[in-house]
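Open the model in your viewer and keep the selection tool at hand. The tour below goes stop by stop.

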Amino acid sequence: MSDHILIEKSGGVLTLTMNRPDKKNALTRAMYQSLGDAIDQAAFDKDVRCILIQANGDMFTAGNDLADFAAVNAGEANASEARRGGNPLLAALARAKTPLIAAVNGRAVGVGVTMLLHCDLVYVSEETLLTTPFVNLALVPEAASSITLPSRIGHTRAFAMFVLGEAVDAKKAVDWGIANEAVPLDQLRAKARAAAEAVAARPPAAVTITKALMRDEAAIAARMDEEGVHFAAQLKSPEAKEAFAAFAEKRAPDFGKVA
Ligand code: COA
């Protein structure tokens, strides 16, 4: 269990708080495992009617820990071994039975955005910026976002996010159907908590069945597997090596020199 994920249960709501603010809540393997385990276990806990995902610090999450990605690229045994079997958070999101609510405080990058596409209610703060710069990192979409994002916002907008790394602000996130509502930051947690309590108060079987009927779980899982093959290959590519080195060295990548 990761110290960087805080878990609290009250009033039928399981709250998962990303708590690695010094690294902008970049997600490590241990954090994915804690989040995934909590989501999986909630399905068997009658006291949990809803899961609320939020973050401490000045942004939601900067996405996957790039040092972890660089270690896999470099072929470090522990890092490669840890990624075997896929990402435990993504697997848990694909099969989640419990309603998921997100409170997004500011920036969300990469998996910080793709996880929102598995949430049932999403609230963002007014300064939120959503980016999915997978291609800038020589990677490809994950979390089944290659189908969920275009189907939510349209192909051209999704392509601009994936390939050009274009940011989506809070207003667009609401207009395009990624989020329910944008609220001032100081009201964000109260808004999301109230929504979570309202869901928790609804008849649980009807809620669970409604969520299941609204999602094609098999298609999501199949696309995650397909994406995972390409993602794993790209993660070890020379172009990804250059992208990760550029981030660590705080410089722009130069893909012109990659063989
Ligand atoms: N992985 C690992 N460390 C990360 C990180 C990530 N994804 N994102 C930020 N950090 C670390 C930085 O290295 C820095 O660490 P340091 O203080 O030891 O140098 C610290 O968090 C603060 O980040 P910084 O870049 O100074 O914050 P910022 O507010 O100027 O910029 C971001 C925030 C999110 C725009 C920027 O950090 C960023 O672009 N991160 C990478 C995002 C990304 O590409 N994620 C992967 C998506 S698939």
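Contact here means heavy atoms within 4.5 Å. Helices (H or I, at least four residues) and strands (E, at least two) are DSSP runs, numbered from the N terminus. This is a predicted model, where local features need pLDDT of at least 70 and side-chain atom pairs count only at pLDDT 80 or more, while totals for chains, interfaces and linings use all residues. Residues are numbered from 1 along each chain as its sequence is written, and side-chain values use heavy atoms, with hydrogens and water left out.

**Stop 1: two helices**

Select S145, S146 and I147 in helix 6. They meet A219, R223 and E227 in helix 11. The residues of this contact divide into two nonpolar, two polar and two charged. (Ala, Val, Leu, Ile, Met, Phe, Trp, Tyr, Cys and Pro count as nonpolar, Asp, Glu, Lys and Arg as charged, and the others, Gly among them, as polar.)

Now show both helices whole: helix 6 is residues 145-153 and helix 11 is residues 217-235. Their axes come within 9 Å and cross at roughly 120°. Axes are lines fitted to C-alpha atoms, for helices over the stretch in contact, and angles run from 0 to 180 degrees between N-to-C directions.

**Stop 2**

Six of them form an open, mixed sheet in the order 1-2-3-4-6-9. Two strands pair if DSSP finds at least two bridges between them. At the edges are strand 1 (5-10) and strand 9 (181-183), each pairing on one side only. On average, neighbouring strands of this sheet are turned by 20° against each other, direction ignored.

Helix 1 (residues 29-42) packs on the sheet. It touches strand 1, strand 2 (13-18), strand 3 (50-55) and strand 4 (100-104). The direction of helix 1 makes about 175° with that of strand 2.

Strand 1 and strand 2 run antiparallel, joined by six bridges. S10 stands opposite V13 in strand 2. Two residues lie between the strands of this hairpin, and G11 takes a positive phi near 55°.

Strand 6 (residues 121-125) pairs with strand 9 in the parallel sense, over three bridges. Y123 has E181 in strand 9 as its bridge partner.

**Stop 2: Q54**

Pick Q54 in strand 3. Is Q54 buried or exposed? Its relative accessible area is 9%, so Q54 is buried. Buried means under 20% relative accessible area, exposed over 50%, partly exposed in between (1.4 Å probe, protein chains only). Leaving aside neighbours within four places in sequence, the contacts of Q54 include T15, M18, F60 and R189.

**Stop 3: the cysteines**

C50 is buried at 0% relative accessibility. C119 is buried too, at 8%.

**Stop 4: two lysines**

Finish with K24, in the loop between strand 2 and helix 1. K24 is not a glycine, yet has a positive phi of about 55°. With a relative accessible area of 33%, K24 is partly exposed.

Then find K250 in the segment after helix 12 (238-248). Phi of K250 is also positive, near 50°. K250 is exposed, with a relative accessible area of 78%.
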